[in-house]
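Here is a quick tour of a protein model, written for someone meeting it for the first time. Have a look at it, then read on.

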Amino acid sequence: MADVFKGIEKIKFEGKGSDNPLAFKYYNADELVAGKRMEDHLRFAVAYWHTFQARGNDPFGVGTAIRPWDNISDQMELAKAKVEANFEFCEKVGAPFFCFHDRDIAPEGDTLKETNKRLDEIVNLIEQRMKSSTVKLLWGTTNAFGHPRFVHGASTSPNADVFAFAAAQVKKAMEITHRLGGENYVFWGGREGYETLLNTNMKLELDNFARFLSMAVDYAKEIGFKGQFLIEPKPKEPTKHQYDFDAATVIGFLKTYGLDPYYKLNIEANHATLAAHTFQHDLRVARINGMLGSIDANQGDPILGWDTDQFPTNLYDTTLAMYEVLKMGGLTTGGFNFDSKVRRGSFEAADLFYGHVVGMDTFAKGLKAAAKMIEDGRIDKFVEERYSSYNSGIGKDIVDGKVGLKELEKYALENSEIVNTSGRQEMLENILNSYILES
Ligand code: XUL
Ligand code: CO
């Protein structure tokens with residue numbers, strides 16, 4: 001190990017009694033929960049953009065971050081140093097995966113040709129470094145939103161030259177992801193949305209978006225890339241209205257264009273809450289449609305209305321998220337990518353570790369609580385009984401498609417009394433508390 005992050009040792013599991021903030025209290029990679037190692041349930045990934053790129057700048061001030069690579073001025077040398085930092089960080093924190101955008105790993109050159117050459121140089125280095133590490137690539141993606149050319153979007157830009165450029169970028173990023181053994185490829189619609197309908201042909205933009213996604217499917221087949229394609233919903237920011245609004249909207253879009261067999265969803269907690277849903281809501285929508293692929297692990301701030309991308313610390317959220325994941329039988333190619341950044345005031349490199357440690361522990365505790373919730377079964381049983389009227393009699397006839405409005409009218413006319421039962425929300429919340437407190 002090169003020791004980029006000096007003074008920080010490999011993070012260890014010390015258990016509940018530990019008062020060491022750089023040790024895990026709950027995350028114990030090899031511990032079995034519901035018959036599977038914690039590491040295999042959680043498949044944590046470090047996000048290159050937040051951990052190695054972000055400087056803590058906000059609309060009111062410049063970056064505050066102090067990083068071990070700050071004295072490197074040559075852009076390619078800097079990119080190389082960050083490759084080493086990535087592997088050392090993942091190894092020290094014990095994250096088995098990392099994720100990147102093409103532009104995170106190598107700086108853009110003056111031409112696309114030069115940019116791709118730079119990418120190749122860095123990818124060679126990553127490939128080399130992977131040989132001496134167990135750290136793998138969870139997913140790759142494209143940054144087709146940062147450069148001014150994407151001012152009006154990428155595949156939904158009114159400018160066909162921009163569509164072509166973004167396509168070239170996805171082609172290259174997919175090749176790289178394939179070469180590095182990436183298990184998924186993510187599409188987050190950076191500026192795929194609109195500011196005003198006064199200048200927008202929504203139908204053409206959506207058709208083009210679908211054309212773009214379908215070209216990606218064709219090219220994956222051509223190069224033999226078998227990774228899972230994922231779409232990451234988000235309702236707003238940077239555009240006023242993002243097309244991939246939430247899980248339900250994306251599923252509808254994919255089905256409309258016949259793309260649903262090829263794509264699953266990457267659900268991000270803070271994106272779900274920006275859409276005025278809970279994290280669990282969007283996970284549930286994805287799960288019941290068989291489309292939950294992966295998770296961007298973070299949380300928003302309930303008072304601030306933007307994408308704060310904070311490290312997850314809310315045990316209710318992680319418990320209910322893990323409940324959805326366990327009910328699905330686990331993520332297969334997916335994982336929990338920390339699309340999370342330290343606060344601007346947390347400017348030291350050590351804060352990157354504190355952030356990941358609390359995030360990993362919060363999900364580990366959530367996993368244990370969710371496993372208990374399923375094992376105990378009281379909540380599942382309550383829900384089952386709540387719908388028991390559909391197991392026999394008229395309810396079963398409805399489910400079996402045996403009755404229509406006429407038959408139901410006859411039944412309703414003869415059925416003199418309707419009896420409802422309590423939803424018992426507070427009792428269920430009390431039971432949920434006991435799983436979190438006791439696990
Ligand atoms: C932006 C966001 C992205 C995607 C990858 O809100 O979540 O970082 O995860 O492009
Ligand atoms: Co994300």
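## Starting at Glu205

Glu205 sits in helix α7, which covers residues 202-223. Helices here are DSSP runs of H or I with at least four residues, strands are runs of E with at least two, and both are numbered from the N terminus. Before going further: this is a predicted model, where local features need pLDDT of at least 70 and side-chain atom pairs count only at pLDDT 80 or more, while totals for chains, interfaces and linings use all residues. Residues are numbered from 1 along each chain as its sequence is written, chains are lettered from A and ligands numbered from 1 in the order in which they are written, and side-chain values use heavy atoms, with hydrogens and water left out.

Back to Glu205: is this residue buried or exposed? Its relative accessibility is 10%, so Glu205 counts as buried; the cut-offs are under 20% relative accessible area for buried, over 50% for exposed and partly exposed in between, with a 1.4 Å probe and protein chains only. Setting aside neighbours within four places in sequence, Glu205 is in contact with Thr156, Gly193, Thr200 and Tyr243 (contact means heavy atoms within 4.5 Å). Glu205 and Pro158 are 47 residues apart in sequence, yet their C-alpha atoms are 7.6 Å apart in space.

## The cobalt site

Which residues hold the cobalt ion (ligand 2)? It is coordinated by Glu232 (OE), Glu268 (OE), Asp296 (OD) and Asp339 (OD), at 1.9 to 2.1 Å. Donors are N, O and S atoms within 2.8 Å of the metal (3.2 Å for Na, K and Ca), and water is not among the atoms, so sites may look incomplete. Along the chain, the donors follow the spacing E-x35-E-x27-D-x42-D. Glu268 belongs to strand β12 (residues 263-268) and Asp296 to strand β13 (residues 292-296), so this pair ties together parts that are 28 residues apart in sequence.

There are six donor atoms around the cobalt ion (ligand 2), and they subtend angles of 79 to 173 degrees, which makes the arrangement octahedral. For that label, six donors need opposite ones over 155 degrees apart and all others between 65 and 115; four donors count as square planar by that rule, or as tetrahedral if all angles lie between 85 and 135 degrees, and anything else is irregular. Ideal angles for six octahedral donors are 90 or 180 degrees. Glu268 counts as buried because its relative accessibility is 1%, and Asp296 is buried too, at 0%.

The largest pocket has a volume of about 1,200 Å³. Of its 38 lining residues, the closest to the centre are His50, Asn57, Asp307, Asp309 and Lys341. On a 1 Å grid over the protein atoms alone, a pocket is an open set of points with protein on both sides within 12 Å along at least five of seven lines, a cavity is a set where a 1.4 Å probe fits but cannot get out, and lining residues have an atom within 4 Å of a point. Grid points are joined across faces, edges and corners, and a volume is the space filled by probe spheres set on the points. Helix α2 (48-53) and strand β7 (136-141) each supply at least two lining residues, and α2 gives the largest share, three residues.

The second largest pocket has a volume of about 600 Å³. It is lined by 19 residues, and those closest to its centre are Gln280, Arg284, Ile379, Val383 and Leu428. The elements giving two or more lining residues are α10 (279-288), α11 (315-327), α13 (378-386) and α16 (425-438). Here the largest share, five residues, comes from α13.

## Val325 in α11

Helix α11 also holds Val325. With a relative accessible area of 1%, Val325 is buried. Not counting residues up to four places away in sequence, Val325 touches Ile295, Gly330, Leu331 and Phe336. Val325 and Leu367 are 42 residues apart in sequence and 9.1 Å apart in space, C-alpha to C-alpha.

## Enclosed spaces

How many cavities of 30 Å³ or more does the structure hold? There are three. The largest cavity has a volume of about 160 Å³, and of its 16 lining residues, Ala144, Phe187, Trp188, Gly189 and Glu192 are the closest to its centre. Strand β8 (184-187) and helix α7 are the elements that give two or more residues to this lining.
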